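Trainee: Please take me through this model one feature at a time. I would like the general idea before each case.

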Amino acid sequence: MKQIINSIKSEDFLSVLPTASRQMLLKQNLGEIELIELTKFLASEPSRGMATKGGSNWSPDLLNEVIKEIRLLLCTNDTKYDEFRKKVKEQASPTAKIVVILISNAISANIGFAAGILVPLIAIIFAVASKVTVEAWCSKIDKEFNSAQNNAT
Amino acid sequence: MKVAITLPISINKKVVGTCFVAGANEKYTALITALHLIDTGNDIFIGLPPHGGDISKPQLYPLTNIPAIDAKLGITEPLLDLAIVLVDRNKFFAPSPNYVKNINEIKVGEEVVIVGYPFAPMGSFLETADISRVSAIGNRLGPIAQNRFELIISHQTHFGSSGSPVVRRIDGSVCGIIRGCLAPPSALSLGNIPLGTDSSVTYATFTEHIPDLLNEAYSMGDLL
C-alpha cells in the first residue's frame, strides 16, 4: 500500500480535486506544511465566516476523523482495512483517481460520511503523503496521535 | 427564457434547504446546492412539489408532505461551498439554466432574483422569488492567491435559503448560489438556527466553475 502511494506523484493526487481547488493548489509550489494548512482550510471553508441558512451544518471534526482512518489504513496493519488493501493490490496499475475513490468509499463505510465529501480531503492528504513519503507522513501523524492520547489520559 | 427549476432538498431525513437543476447528461440529472447543507451526505432526497419547482406556476399550499426522489452525492467543492447531487435521469429530468461564466458580465446594481424555499427546514414547501440587486462583487481571500468571486446581494436570507439560485433578471441566467449572510461576531444561535443574523448582506458563490464541476460530477457518478 505504502509503495503504491509513494509511486504516484503528488500532483496526480491534486488533479483529482474539483476545478477551483485544483487550480488553487497546482499554481503554487507547496511544501508539506502549507498543504496540511490548506487541507485544514478547505475542511473548514464551507461555513467559514458567515451565518449559513440551512438545516444542517458542516462538521468541523471531519478532517480529524478522516486522518484517523487514513492512519489506520496506511500506518498500521489494522484488519479493518484488509479488504480494501486487497482491492488496491488487485489493480493492475492504480491511478491517483482510482486510489482516492477506493479509499473514500472504504472510509465512508466506516465513518458514516458519504464518499463524495471525503474525496477532496483524501486527495490532498495523499498529495502530502506522496510528497514527503508515506513513511514520513505516518511518523508525523503517529507522533501527533500519541501526543493527543497522552494528553487525554 | 429558461428558468432555474428549484426544489427543496433533504439530508438524513431532514429538509435542510434549496437546490436547483443544474444540468444533465445521458445518465444523470444534476442538481446544485450549498455544501454546508450536506452534513454526512447520506440519505439525500429531492422534494418534488406539485408545481415542479417552476416559480412561474401557481402553487398548492400549505403542504405537509410532497413526493421525493433519491439522489446521491456526485462531487463537493469545499473552496466554493458547492455540492452537486445526481439523480437517475430516467426518474427525473428538467431543463437546466444558462450560467454567467465571466465575472465581468455582472454589474454592480444589476437586478437579480433569488429563488428558493425560505423556511423549508420548518416545513414550508412554498417556493418564492425575491427581486434584489448586486450590491458588490467580492473576491474572497484565502490562504494563497486565488480568484473566488462572490456576489454580495442586498437580500434577506432565511432558514432554508442556502443553495438558492441567484438569477440575473435581464436574461434568466444563473449567476450565483446562496451561501449565507454576514454574521455579526457575537451571533447567537438556538441549536443550529442562527439568531441575530438578520443582516441583508448576503453572499452567493459566483457560477464560473459550474460547467467544469458538472462534468466532474458526472465522471465521479459511477465511481462513488
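Trainee: How many helices and strands does the secondary structure of chain A come to?

Mentor: Helices (H or I, at least four residues) and strands (E, at least two) are DSSP runs, numbered from the N terminus. In this predicted model, chain A has 9 helices and 1 strand. Their order along the sequence is α-α-α-α-β-α-α-α-α-α.

Trainee: What share of chain A is buried?

Mentor: A residue is buried if 20 or more other C-beta atoms lie within 10 Å of its own, exposed if 12 or fewer, and partly exposed in between, with C-beta atoms placed from the backbone. Of the 153 residues in chain A, 42% are buried.

Trainee: And contacts in chain A: what percentage join residues at least 24 apart?

Mentor: Two residues are in contact if their C-beta atoms, placed from the backbone, lie within 7 Å. Taking contacts in chain A between residues at least 6 apart in sequence, 66% join residues at least 24 apart.

Trainee: How is chain B divided into domains?

Mentor: Domain bounds come from an automatic or database domain assignment. Domain 1 of chain B is 6-97 + 210-221, and domain 2 is 103-206. Their C-alpha centres lie 18 Å apart. In the contacts between them, 28 residues of domain 1 of chain B meet 23 residues of domain 2 of chain B.

Trainee: Which elements give two or more residues to the side of domain 1 of chain B that touches domain 2 of chain B?

Mentor: They are strand 1 (6-11), strand 2 (14-24) and strand 3 (28-34) of chain B. Strand 2 of chain B gives the most, with 7 residues. By residue class, this side of domain 1 has 18 nonpolar, 8 polar and 2 charged residues. Here Ala, Val, Leu, Ile, Met, Phe, Trp, Tyr, Cys and Pro count as nonpolar, Asp, Glu, Lys and Arg as charged, and the others, Gly among them, as polar.

Trainee: Now a single residue. Why does E77(B) count as buried?

Mentor: E77(B) counts as buried because it has 27 C-beta neighbours inside 10 Å. E77(B) lies in strand 5 (residues 68-77) of chain B. Leaving aside residues up to four places away in sequence, E77(B) touches P18(A), A20(A), S21(A), L35(B), L82(B) and L213(B).

Trainee: What confidence does the predictor give?

Mentor: The complex has an ipTM of 0.84 and a pTM of 0.89. For pLDDT, the predictor's confidence in each residue from 0 to 100, chain B averages 89, and 91% of its residues score at least 70. Where pLDDT is low, the predicted coordinates should not be read in detail.

Trainee: What conventions apply throughout?

Mentor: Residues are numbered from 1 along each chain as its sequence is written, and chains are lettered from A and ligands numbered from 1 in the order in which they are written. Local features need pLDDT of at least 70, side-chain atom pairs count only at pLDDT 80 or more, and totals for chains, interfaces and linings use all residues.
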